[in-house]
Amino acid sequence: MTYSFCMSIPYGIIVSIGGLIGFLKKGSQMSLIMGLLFGGLSAALGYSAYQKYFVNQSDKNEILAGLVISAVLSIVMCLRWSKSGKFMPAGLVGVLSVAMSIFYIYRLLNPALPRKK
């Protein structure tokens, strides 16, 4: 079983780095703000799930919030990709976000069992 923090933290970092790259390459402040906002939220949710892992608590709330974030990014970035026809960067973020949404749905349907102490 893959715990949500194993995927949420790297996903958040990738989204944050993408926002930073968008700012550095194109000067897009909105890319920086949204990348850091969505990426930071995803990473923070992953960290919260990581903390719950050690006290043997459910990370269902973190998974639900992560699903909302990844679903919003999936819709927005896939629409941008379809309008521009360019895979980078919108297509990449869209595909990663769809994959994360699928992962979160899988985790909601198959919750992690409590760890043995």
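1. At what angle do helix 1 and helix 2 pack? This is a predicted model, where local features need pLDDT of at least 70, side-chain atom pairs count only at pLDDT 80 or more, and totals for chains, interfaces and linings use all residues. Residues are numbered from 1 along each chain as its sequence is written, and side-chain values use heavy atoms, with hydrogens and water left out.

2. Helix 1 (residues 4–26) and helix 2 (residues 29–54) pack at about 165 degrees, with axes 7 Å apart. Axes here are lines fitted to C-alpha atoms, for helices over the stretch in contact, and angles run from 0 to 180 degrees between N-to-C directions. The pair is therefore roughly antiparallel (angles over 145 degrees count as that). Residues in this contact split into 14 nonpolar, 14 polar and no charged; Ala, Val, Leu, Ile, Met, Phe, Trp, Tyr, Cys and Pro count as nonpolar, Asp, Glu, Lys and Arg as charged, and the others, Gly among them, as polar.

3. Zooming out, the chain has four helices and zero strands. Helices (H or I, at least four residues) and strands (E, at least two) are DSSP runs, numbered from the N terminus. Along the sequence, the pattern reads α-α-α-α.

4. What about overall dimensions? The C-alpha trace spans about 50 × 25 × 15 Å along its principal axes. A compact globule of 117 residues would have a radius of gyration near 13 Å, and the chain's 15 Å agrees with that (taken over C-alpha atoms; the rule is 2.2 Å times the number of residues to the power 0.38).

Key: Parallel < 35°, antiparallel > 145°, perpendicular 65-115°, else oblique.
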